[in-house]
Number of protein chains: 2
Amino acid sequence: MDKIVSLARRRGFVFPSSEIYGGLGSTYDYGHYGVLMKNAIRSRWFRAMVLDRDDIVAIDSAIILHPKVWEASGHVSGFTDPLIDCRTCKLRFRADKLEDSQCGRKPSKHPGETPECDLTEARQFNLMFETTVGALQEEGSRTYLRPETAQGIFINFKNVLQLARRRPPFGIAQVGKSFRNEITPGNFLFRVREFEQMEMEYFVPPDEAEQWYRYWIEVRLNWYLRYGLRRSRLRVREHGPEERSHYSRGTSDIEYEYPIGWGELEGVANRGDYDLTQHGEHSTTKLEYVGPDGERYVPFVIEPAVSIERIMVALLVDAYDEEIVSERQRTVLRLHPEMAPVTAAVLPLIGKSGEMVGKARSLYEELKRRHTVEYDDNGAIGRRYRRQDEIGTPWAFTIDEQTSEDGTVTVRDRDSLQQERLPLEGVRAWLDDALEREWRSPKPD
Amino acid sequence: MDKIVSLARRRGFVFPSSEIYGGLGSTYDYGHYGVLMKNAIRSRWFRAMVLDRDDIVAIDSAIILHPKVWEASGHVSGFTDPLIDCRTCKLRFRADKLEDSQCGRKPSKHPGETPECDLTEARQFNLMFETTVGALQEEGSRTYLRPETAQGIFINFKNVLQLARRRPPFGIAQVGKSFRNEITPGNFLFRVREFEQMEMEYFVPPDEAEQWYRYWIEVRLNWYLRYGLRRSRLRVREHGPEERSHYSRGTSDIEYEYPIGWGELEGVANRGDYDLTQHGEHSTTKLEYVGPDGERYVPFVIEPAVSIERIMVALLVDAYDEEIVSERQRTVLRLHPEMAPVTAAVLPLIGKSGEMVGKARSLYEELKRRHTVEYDDNGAIGRRYRRQDEIGTPWAFTIDEQTSEDGTVTVRDRDSLQQERLPLEGVRAWLDDALEREWRSPKPD
């Protein structure tokens, strides 16, 4: 994991936030390649879950919703972790994780073992961030940053039913930031306080819920396989009854084997009719489906939910590779071409050659109309290739002396390191084709 | 404006948030077409400002930054509006807009005129949303939701300088949510409490600042013209010295003539060296550029800043049209094809014809690999066309009886209403070409 964090920082994917002010625990800012990679993840998810389907529509609800939403959903009373405070050092610890805790202050030892640590009884700490909205000086103006995007979907169930003329089974998808005031965040991007969720709530007739629950586990697992995560590092783990949320009638985690061990990548839950029923009871609007023949029921909800951050970590971990090539070590990210921050690099072999630069620039201009490409004429060609390897660019097109002789360029493959020559005017079509080809990266299994 | 709001709601672009709980003032949720349109705006901006340029990189910083960021930037002390409270009705009003205010309670009259209203002296109210982060029970854990994305860029200036090997002039762009606890939000999406900003900070040698300031006003104005906003409803208005923020050395608004009058669409500001100097002084890191020959200076910053919401309102207002066709009224959004939520609709003339449906589905499958297309077989063809007109779909491809005879389909143009026939297998190429053509909508000027 240290190697990933170091590469991510060195190449400007991700760095600790507010660093010039000493940082803000477990908060990260994304650099250029991090943004491009997040954009790729978001847009592939959105394509698979919304654009490629007839049965799912998108919404984008507010982050700050009416506070009653969180009363109805059970988050105000139940979205808590058990906490203990230390009266001496003023730090807080999760009571259920005390053995793993370290006091961050002097004497920096296990809090339970230091006589200086004067621990309180455990009490419940709500993980929602609170804030105050608007001009009213009243209790009602206190509200929360959403801890999940799902509730913004449930409260719009009726809008979608009416406006998008839907009947179950159908889904509503949402991508956006959620916030959790985690007591013990950490492990790089694995547990952070603000994260970008991608959730889809699929509304089904109650007697079809189990079947759709299995369906979505499989669809989502296949999505990860399609984007190159190796099968041996993926597994589906079904929660036991004691582990499930109170509303859940079945939850499975699609787990990935991170360097810190197996951990949740995506969760797929059968939330039953809990949420729609709750909002129906707390608001004035009954949230149910009424069919053309008068049948009425509260749909069950199947929810595949994941964050861009966890996908990013899994993709980076899975793609990271080191190898010795010509007696030199090479670091390479074997990312799926559609998940790589940059799809192709265009390089003039000699950055000071006007002719090569001219040809390279015009190829770059042509390719970047449709693809995310990078132009680089800075430094020795070997160094430029290694830079592209480290950010996972699948292909590099190099303009060299031979280009002016026979109109061809080389294309270098990130994984095989093979180079072949292509006609300059065929590069765009070659790249389009390459992106449509079935892709297999040469990862060890 | 009422017509726009009504259409936006009817067709599922935008609706009031938390509606089943009585709403939350001036907060909106976006439906399917709203999400697609926001995605289009965001991705066109990002393409123009980042992907199409060599001199600008992207970042994505956290929403909750270290609280010292906002002390250094001046937001803690200065990002305020003057407020008065009413001791009777407990409402707050902006002291500088009191004449326009209405008491929202009984007696619902102008607050200054009602004896029941007992107003306090004006005091400064900070527009940042406050919240508390993490496990520490201390003052330092109080922080804010960012009121602008710009500060997340400034504090990462040095990271970008080093990691992306940049020298001025160069820019850093960011897209993301910002939050302002507006006292008097309103006018549909024009002033909302959470909004998605698109900001770019362009770092330049101080003696080039004026020139780049002019450059960015022109570039951004042209961007709006390119996407079809009519020239007569756009103007550039330079702020007078009394109107400018304290850090500004020049600010111009690109204004649009909304139904409520001329108002800011995008702001372009010369922020001077204010921000980098402030963060350099409040943190331990000097934020300056040091050149290869040892020259050093604090760059000036030119900032084009806009929100997706304002662009969306301007595009909708500009595109909205009603006309009488064959003695029936037609409502149509004459959106630029690249800004329309749906690029093309695929319609079988008779939704119950297996053959037409089969052909229509396979055309739909082919087109949706690259474009955002919609399949609709539900209802009379005229009603389906009108639905697509209302969401601004530029083209509809219809499979009819003749398709099985000669393999052609009709393409209907949203603006001219002309229909022509194309070979089925040529539709994809026709659509690609149509999107690359210079576009002019037949709007009145």
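This is a predicted model: local features need pLDDT of at least 70, side-chain atom pairs count only at pLDDT 80 or more; totals for chains, interfaces and linings use all residues.
Residues are numbered from 1 along each chain as written, and chains are lettered from A in the order in which they are written. Local features need pLDDT of at least 70, side-chain atom pairs count only at pLDDT 80 or more, while totals for chains, interfaces and linings use all residues, and side-chain values use heavy atoms, with hydrogens and water left out.

**View 1. The two chains and their axis.** A rotation of 180° with 0.0 Å of shift along its axis places chain B on chain A, with an RMSD of 0.0 Å. That is the relation of a two-fold axis. The superposition is by least squares on the C-alpha atoms of residues with pLDDT of at least 70 in both copies. If you want a landmark, look for Thr131(B): among the residues of chain B, its C-alpha comes closest to the rotation axis, at 2.6 Å.

**View 2. Helix α1 of chain A and its buried face.** Helix α1(A) spans residues 2–10, and Ile4(A), Leu7(A) and Ala8(A) are buried in it. Buried means under 20% relative accessible area, exposed over 50%, and partly exposed in between (1.4 Å probe, protein chains only). Helices (H or I, at least four residues) and strands (E, at least two) are DSSP runs, numbered from the N terminus. Seen down the axis of α1(A), the buried residues fall within an arc of 100°, so they line one face of the helix; the arc is that of the directions from the helix axis to the C-beta atoms. Their packing partners in chain A include α9 (308–319), β17 (320–325) and α11 (381–391). After the helix comes Gly12(A), with a positive phi near 75°.

**View 3. Strand β22 of chain A between two partners.** Five of the six residues of β22(A) (residues 408–413) are buried, so the strand is largely enclosed by the rest of the structure. Strand β21(A) (residues 395–399) runs antiparallel to β22(A) and is joined to it by four bridges, while five bridges link β22(A) to the antiparallel β23(A) (residues 419–423). Two strands pair if DSSP finds at least two bridges between them. Follow Arg412(A) here: its bridge partners are Ala396(A) and Gln419(A). In the hairpin of β22(A) and β23(A), with five residues between the strands, Leu417(A) takes a positive phi near 65°.

**View 4. Trp45 in the largest nonpolar core.** This core has 130 residues, and Phe13(A), Trp45(A), Phe13(B) and Trp45(B) touch the most other members. A nonpolar core is a set of buried Ala, Val, Leu, Ile, Met, Phe, Trp, Tyr and Cys residues joined through side-chain atoms within 4.5 Å. Leaving out residues up to four places away in sequence, Trp45(A) touches, among others, Val50(A), Met198(A), Arg220(A) and Trp223(A); contact means heavy atoms within 4.5 Å.

**View 5. Salt bridges within and between chains.** A salt bridge is a side-chain nitrogen of Lys or Arg within 4 Å of a carboxyl oxygen of Asp or Glu. Lys368(B) and Asp52(A) form one, with their closest N and O atoms 3.9 Å apart. Lys368(B) is in the loop between α10 and β20 of chain B and Asp52(A) in the loop between α2 and β3 of chain A, so the pair joins two chains. Lys368(B) is buried at 6% relative accessibility, whereas Asp52(A) is partly exposed at 34%. Within chain A, Arg296(A) pairs with Glu288(A) at 2.6 Å; Arg296(A) is exposed at 54%, and Glu288(A) is buried at 12%.
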